[in-house]
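I am opening my notebook on a structure that may be new to you, too. Come along while I look things up one at a time.

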Amino acid sequence: MSRNEHVKTIEWTGGAVRLVDQTRLPGELVFKDISDHRELADSIRRLEVRGAPAIGVAGAMGMALAAAKSNAPSMDELRSDIRAAAELLTSTRPTAVNLRWAIDRSLHVADDDSIRNEDELRRRLIDEALAIYEEDRELSRMIGRHGADLLSDGDSVLTHCNAGGLATAEYGTALAIIYTAAEEGKRIHVYADETRPLLQGARLTTWELMQHGIDVTLLCDSAAASVMARGWVNEVIVGADRIARNGDVANKIGTFPLALAAHRHGIPFYVAAPYSTLDPTLSDGAEIPIEERSADEITTIGGFRLAPDDVKVFNPAFDVTPAELITAIITDLGVFRFPYGPSLLAKNSPSDA
């Protein structure tokens with residue numbers, strides 16, 4: 001990949017899904033071709049592809065793969081195979097709502113009674129996956145345009161985990177704002193949290209930003225509040241995996257304490273996400289399911305054991321930031337400001353940036 005070129009995180013290659021194996025970064029940029037939806041489900045679970053928008057695209061492509069590879073002799077049996085694939089893919093990452101949203105779109109297509117035969121159904125699911133992919137690329141650009149207006153030349157932005165091109169089809173959410181601001185000629189410096197336990201900030205965000213010539217400094221997660229206290233941070237911008245209708249946000253573990261520190265120091269705390277990340281079925285963050293992952297992610301690193309064999313481990317992948325700590329939610333539809341609730345649900349009434 002040449003400097004300043006946005007890598008294609010995931011794409012449909014006509015019978016297979018090609019994705020960047022993000023577990024191999026930053027050491028090497030490896031593309032993986034997957035032709036079976038079960039293998040794709042495993043890749044989602046193993047975080048070879050990750051980020052709420054990207055796994056939504058992956059879910060839709062997994063549905064297309066399941067249909068394309070099914071040998072079902074009838075429409076009823078093909079639809080049964082598709083529903084089984086949906087159940088498997090949905091189970092891989094329970095917190096990110098984009099995955100369920102994309103799979104539900106594919107199921108809606110599969111249930112269309114006007115589809116005449118198996119081949120048409122297969123084509124329609126591929127078309128839906130490609131539509132979701134293209135929509136995500138455009139939504140990222142729109143998030144970038146809306147959010148860049150909030151940044152000034154010379155600002156320093158703190159971010160957490162990876163909400164860049166690697167977390168979407170191409171351009172990003174939180175990092176899309178930084179890329180757009182840079183394209184507008186603004187000089188932006190980024191402080192990137194390492195993001196324990198899997199170090200997505202250290203491995204992915206710094207790699208992305210350096211590829212694009214963005215000035216970036218890597219931080220231990222525990223250093224973020226100290227950097228804020230020194231007056232070195234103008235804004236905090238993070239992504240989101242699910243947003244409840246009151247504006248509570250689930251994002252990578254460690255986001256909530258950043259919001260608390262930003263509030264203490266009077267620093268704007270922004271969340272950037274496509275509008276599809278809103279889950280209107282959930283009244284608040286207490287209802288968001290939080291994925292818990294393997295203890296090995298905390299007790300080992302690079303195959304080396306860090307903790308006693310029998311130690312108890314609590315390893316939630318996400319935490320929930322209350323709406324009142326969030327200055328604004330930046331979406332493809334515009335910028336929504338606290339208090340959220342009815343305005344967030346209205347779709348057509350965001351505040352001006």
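**Entry 1: a patch on the surface**

Which residues form a nonpolar patch on the surface? I found I298, V311 and V313 there, with about 180 Å² of accessible area together. Before going on, I note for both of us that this is a predicted model.

I then picked out V313 and looked for its place in the chain. V313 sits in the loop between β13 (304–305) and β14 (318–321). Its relative accessibility is 31%, so I wrote V313 down as partly exposed.

**Entry 2: two helices side by side**

Next I looked up how helix α3 (residues 75–90) packs with helix α4 (residues 97–110). Their axes are 10 Å apart, and the angle is about 175°. I therefore noted α3 as roughly antiparallel to α4, since angles over 145 degrees count that way.

Which residues make the contact? On the α3 side I listed R79, I82, R83, A86, L89 and T90. On the α4 side I listed L99, R100, I103, L107 and A110.

**Entry 3: a serine in α4**

I stayed with helix α4 and turned to S106, which lies in it. Is S106 buried or exposed? S106 has a relative accessible area of 0%, so I put it down as buried.

I also asked what S106 touches. Leaving aside neighbours within four places in sequence, S106 is in contact with A60, M63, L125 and E128. I checked V57 as well: V57 and S106 are 49 residues apart along the chain, and their C-alpha atoms are separated by 11 Å.

**Entry 4: a covered helix**

How many of the ten residues of helix α6 are buried? I read eight, so I called α6 (residues 174–183) mostly covered. The buried ones are A174, L175, A176, I177, I178, Y179, T180 and A181. After α6 comes G185, where I found a positive phi, near 95°.

A reminder to myself: most residues other than glycine have a negative phi, and most peptide bonds are trans. With that in mind, I went looking for exceptions.

Where does a cis peptide bond occur? One joins L25 and P26, with omega about 5°. I placed P26 in the loop between β2 (17–20) and β3 (31–34). The peptide bond from R196 to P197 is cis too, and its omega is near 5°. P197 belongs to the loop between β5 (189–193) and α7 (200–211).

L199 lies in that loop between β5 and α7 as well. L199 is not a glycine, yet I found a positive phi there, near 60°.

C161 gave me another positive phi in a residue other than glycine, again near 60°. I traced C161 to the loop between β4 (156–159) and α6. Its relative accessibility is 7%, and buried means under 20%, so C161 counts as buried.

**Entry 5: salt bridges**

How many salt bridges does a search of the whole structure find? I got 23, and I followed up a few of them.

I began with K32 and E48, whose side chains meet in a salt bridge at 2.8 Å, N to O. This pair links distant parts of the chain: K32 is in strand β3, while E48 is in the loop between α1 (37–45) and α2 (52–69), 16 residues apart. K32 counts as partly exposed because its relative accessibility is 23%. E48, at 2%, counts as buried.

R93 lies in the loop between α3 and α4, and E291 lies in the loop between β11 (278–279) and α10 (296–299), so the pair ties together parts that are 198 residues apart in sequence. I noted both R93 and E291 as buried.

My last pair was E138 and R145, a salt bridge with its closest N and O atoms 3.2 Å apart. E138 is partly exposed, with a relative accessible area of 39%. R145 also counts as partly exposed, at 45% relative accessibility.

How values were computed
Residues numbered from 1 in each chain as written. Predicted model: local features only at pLDDT ≥ 70, side-chain atom pairs only at ≥ 80, totals over all residues. Heavy atoms only, no water. Patch = residues over 30% accessible without salt bridge, like charges linked within 9 Å, V, L, I, M, F, W, Y side chains within 5 Å. Areas by Shrake-Rupley, 256 points an atom, 1.4 Å probe, with all protein chains shown as cover. Salt bridge = Lys/Arg side-chain N within 4 Å of Asp/Glu carboxyl O. Helix = DSSP H or I, 4+ residues; strand = E, 2+ residues; numbered from the N terminus. Buried < 20%, exposed > 50% of the residue type's maximum accessible area, 1.4 Å probe, protein only. Axes fitted to C-alpha atoms, helices over the stretch in contact; angles between N-to-C directions. Parallel < 35°, antiparallel > 145°, perpendicular 65-115°, else oblique. Contact = heavy atoms within 4.5 Å.
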